[in-house]
Amino acid sequence: QLEGIASARNDFMEEMRQLAEITPNAVVLESFARLERVLRDVVDTNELDGPRSRRPIAVRGLARMAVQQELISEAEMAAFDDVTVLRNIVAHGGPADLDAARAMSYADIVSQLISSISSAARRRDIGDTAP
């Protein structure tokens with residue numbers, strides 16, 4: 001299972017490297033979209049009830065829930081906040097001053113978060129508490 005996560009991470013980074021050569025800003029947007037998708041796939045939102053549960057949950061809310069569900073640590077939540085800031089700057093057309101190398105650094109951080117969340121979710125799903 002860990003090999004699968006490592007392989008997926010390598011594939012992701014290669015795809016982002018190719019994208020960074022064309023447009024570094026797209027690396028930020030695509031990386032963050034994949035991080036959000038992973039959060040939406042693994043965070044248990046069943047504990048929400050009432051009218052609030054029928055509305056889409058903001059990605060930051062999902063990340064907070066992931067901390068509560070021990071899918072990410074507080075340190076990873078801080079990294080999540082950091083990548084969110086740059087994603088918002090890029091998404092709203094602000095000055096990001098990104099070159100391919102900086103875009104790849106961003107993708108690497110996001111990839112680490114995705115791997116960590118995926119590993120924690122797998123452990124949860126099989127009932128294993130070991131890291």
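1. Arg 40 first. Arg 40 sits in helix 2. In this predicted model, Arg 40 is partly exposed, at a relative accessible area of 39%. That value falls between the 20% and 50% cut-offs, so Arg 40 counts as neither buried nor exposed.

2. Contacts of Arg 40. Leaving aside residues up to four places away in sequence, Arg 40 touches Ile 57, Ala 58, Val 59 and Leu 62. The side chain of Arg 40 reaches the backbone oxygen of Ile 57, at 2.6 Å. Val 59 is 19 residues from Arg 40 along the chain, and their C-alpha atoms are 8.1 Å apart.

3. Aromatic pairing. How many aromatic pairs does the count give? The count is one. The pair is formed by Phe 32 and Phe 80. Their ring centres lie 6.0 Å apart, and the planes make an angle of 35°. Stacked requires under 30 degrees and edge-to-face over 60, so this pair is classed as tilted.

4. What the pair connects. Phe 32 belongs to helix 2, and Phe 80 to helix 4, residues 74–91. The two are 48 residues apart, so the pair links distant parts of the chain. Are these residues buried or exposed? Phe 32 is buried, with a relative accessible area of 3%. Phe 80 is buried as well, at 2%.

5. Ser 111. This residue is in helix 5, which spans residues 100–126. Its relative accessible area is 2%, under the 20% cut-off, so Ser 111 counts as buried. Which residues does Ser 111 touch, beyond those up to four places away in sequence? They are Arg 9, Phe 12 and Met 13.

6. Overall fold. The chain has five helices and zero strands. Along the sequence, the pattern reads α-α-α-α-α. Of the contacts between residues at least 6 apart in sequence, 61% join residues at least 24 apart.

7. Burial and surface. The chain has 131 residues, and 38% of them are buried.

8. Confidence. The average pLDDT of the chain is 88. A score of at least 70 is reached by 88% of the residues. Among the elements, helix 2 (residues 24–42) has the highest mean pLDDT, 96. Helix 1 (residues 2–22) has the lowest, 88.

Notes:
Residues are numbered from 1 along each chain as its sequence is written. This is a predicted model: local features need pLDDT of at least 70, side-chain atom pairs count only at pLDDT 80 or more; totals for chains, interfaces and linings use all residues. Side-chain values use heavy atoms; hydrogens and water are left out. pLDDT is the predictor's confidence in each residue, from 0 to 100. Helices (H or I, at least four residues) and strands (E, at least two) are DSSP runs, numbered from the N terminus. Rings of Phe, Tyr and Trp (its six-membered ring) pair if their centres lie within 6.5 Å; planes under 30 degrees apart count as stacked, over 60 as edge-to-face and the rest as tilted. Buried means under 20% relative accessible area, exposed over 50%, partly exposed in between (1.4 Å probe, protein chains only). Contact means heavy atoms within 4.5 Å. A polar contact is a pair of N or O atoms within 3.5 Å; within protein, one must be able to donate a hydrogen and the other to accept it, and residues adjacent in sequence count only if both atoms are side-chain atoms.
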